[in-house]
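User: I would like a close look at one part of this protein. Please keep the answer connected and brisk.

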Amino acid sequence: MSALTQVVLFVIAISFMTFVAFFGRLPALRYGRIPRRKALREGAAQPYQIPLHAWRFPKEGAVLADHIPRHTPIAWMHRAIWVTIPSAILSADQRLTSGRLTTGLGRFGNYFMYDRHPTVLIFFLLLLSVGEYMYLPGVWPRLSLLHKVLGSVSIVLPYLFLYLAAHGDPGVVTPATHSRYMSHYPYDFALFHPGQTCRTCGLLKPPRSKHCSVCKRCVHKMDHHCVFINNCVGYGNQHWFVLLLLSTAVLTSYGAALGLGYVADSARARNSAFSLFPKPPGWSWREYLVTLTFGIQTDVGAGSVTLLALMTSPLVWGLLGYHMYLIYCGTTTNESMKWQDWQLEMSDGCAFKRALPTDRIKNPRFEASWMQWPVEPIQVLVRTEDGTPPSMQPSSPGVGEWERVWHLRDVENLYDLGFWDNLADVFVANPFAPREAASSAAAMDLERGKRRGRPKKPLKASRASSLVAAAT
């Protein structure tokens with residue numbers, strides 16, 4: 001087996017394991033939906049005791065959707081690697097050592113999978129540094145001065161942004177920062193409701209916050225926990241994370257382009273008529289691949305890293321594109337998954353909305369009196385067990401009749417101010433803080449008018465949100 005074949009098989013094996021690990025546990029690829037009877041939940045006697053999304057008005061015989069496993073090739077491979085094979089090892093260990101080996105491995109696995117540790121971060125750093133160590137000796141002497149300058153910048157930036165994203169504060173909610181984060185965003189009465197308390201931290205949850213089970217702390221504007229930076233992605237470091245994705249995508253693409261040029265030059269040393277693309281006229285595919293193989297084998301290190309960069313670059317660009325799309329929609333990975341749950345309820349006809357009064361008096365125990373965000377909620381969204389409109393309870397917020405909601409596009413996303421303002425919220429600290437007049441009704445109407453002036457887009461409850469959660 002030639003060195004090139006070994007390299008290609010190694011790259012394919014890494015890509016295969018990465019694909020299965022990233023995509024195999026997605027609910028969209030593993031589960032289908034079937035009806036089942038949901039458990040009944042009790043309502044709240046007083047407001048703010050439980051979140052509005054938990055208010056249910058059950059009726060005997062109500063049927064909603066649940067999930068069951070379905071057979072797909074990806075789910076089968078994922079199950080074979082992570083369930084079938086470990087189960088066989090567990091059975092053998094039970095017979096040989098009475099389970100002592102797997103018990104110890106189980107403790108280690110639980111720590112590895114569900115606790116915070118830098119293993120994947122170290123792997124990412126090694127992947128960058130070892131790849132550059134194998135790639136640069138052969139390619140660097142052939143580069144022009146311009147490419148050397150650009151290459152140096154593209155090499156340094158991922159390390160810089162990785163440090164800032166991993167070391168920076170993602171927006172941890174503590175008693176010292178609690179009041180500041182409470183006044184940052186308003187509750188939208190759809191995904192986030194006043195009065196929710198974190199059972200672990202014991203603090204009132206600020207809007208858009210979520211408790212991270214890995215970091216064991218609440219994070220403001222929580223997007224997801226990323227194992228590649230060994231940190232959560234939240235309000236405090238989201239901009240560094242986006243820049244990390246951008247710089248890594250540029251590095252892999254730039255390295256792949258320069259590496260392909262180097263491989264093509266090496267192949268032309270064997271046959272001057274060779275061209276990387278398109279295939280030289282009159283050449284058979286066998287002749288083309290043999291010459292290309294010679295170009296790669298001239299420097300196996302640079303050739304293998306070029307292939308790896310070529311294969312991983314679309315993944316990084318895809319993650320970057322998805323996060324830019326989330327910014328465009330004014331949402332996060334966590335919120336996108338919540339909207340996906342709402343879309344399921346809407347499809348079942350169990351979601352209802354009605355208006356919130358503009359002169360609503362806030363409960364100072366659960367909401368800040370003044371917000372930095374330039375708009376306030378104008379609607380409340382609830383769900384019921386059996387698809388009938390909620391009863392007119394005096395304690396429930398909102399005024400008017402309940403209106404059934406079938407599509408996400410019929411619900412306002414309070415946190416979407418338009419792409420440029422959303423981008424400013426990510427990259428500029430407190431961009432709306434100086435706008436004290438934004439709390440007035442006229443300013444809020446103006447801000448909403450900006451959004452309604454452009455074509456209204458539905459909130460995407462895409463399966464890609466599950467992809468990011470699984471991948472990072």
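How far apart are the axes of helix 5 (residues 119–139) and helix 6 (residues 145–167), and at what angle do they cross?

Analyst: A caution comes before the answer: this is a predicted model.

The axes of helix 5 and helix 6 come within 12 Å. They cross at roughly 170°. An angle over 145 degrees counts as roughly antiparallel, so helix 5 is roughly antiparallel to helix 6.

Now the residues. Helix 5 brings Leu121, Phe124, Leu125, Leu128, Ser129, Glu132 and Leu136 to the contact. Helix 6 answers with Ile155, Tyr159 and Leu162. By class, 8 of the contact residues are nonpolar, 1 is polar and 1 is charged.

Helix 8 (residues 238–270) and helix 10 (residues 300–329) have axes that come within 7 Å. Their crossing angle is roughly 150°. That value makes helix 8 roughly antiparallel to helix 10. The crossing of helix 8 past helix 10 is left-handed. By class, 19 nonpolar and 10 polar residues form this contact, with no charged residues.

Pro278 sits in the loop between helix 8 and helix 9 (285–298). The peptide bond from Phe277 to Pro278 is cis, with omega near 0°.

Phe189 is not a glycine, yet its phi is positive, about 60°. Its place is the loop between helix 7 (178–182) and strand 3 (210–212). Phe189 counts as buried, at 2% relative accessibility. Lys221 is not a glycine either, and its phi is positive at about 50°. This lysine lies in the loop between strand 4 (217–219) and strand 5 (224–226). Lys221 is buried too, with a relative accessible area of 4%.

Finally, the setting for these parts. The protein has 14 helices and 9 strands. Of its 472 residues, 45% count as buried. Among contacts with a separation of 6 or more, 76% join residues 24 or more positions apart.

Conventions
Residues are numbered from 1 along each chain as its sequence is written. This is a predicted model: local features need pLDDT of at least 70, side-chain atom pairs count only at pLDDT 80 or more; totals for chains, interfaces and linings use all residues. Side-chain values use heavy atoms; hydrogens and water are left out. Helices (H or I, at least four residues) and strands (E, at least two) are DSSP runs, numbered from the N terminus. Buried means under 20% relative accessible area, exposed over 50%, partly exposed in between (1.4 Å probe, protein chains only). Contact means heavy atoms within 4.5 Å. Axes are lines fitted to C-alpha atoms, for helices over the stretch in contact, and angles run from 0 to 180 degrees between N-to-C directions. Angles under 35 degrees count as roughly parallel, over 145 as roughly antiparallel, 65 to 115 as roughly perpendicular and the rest as oblique. A crossing is left-handed if the near helix is turned anticlockwise from the far one by less than a right angle, and right-handed if clockwise. Ala, Val, Leu, Ile, Met, Phe, Trp, Tyr, Cys and Pro count as nonpolar, Asp, Glu, Lys and Arg as charged, and the others, Gly among them, as polar.
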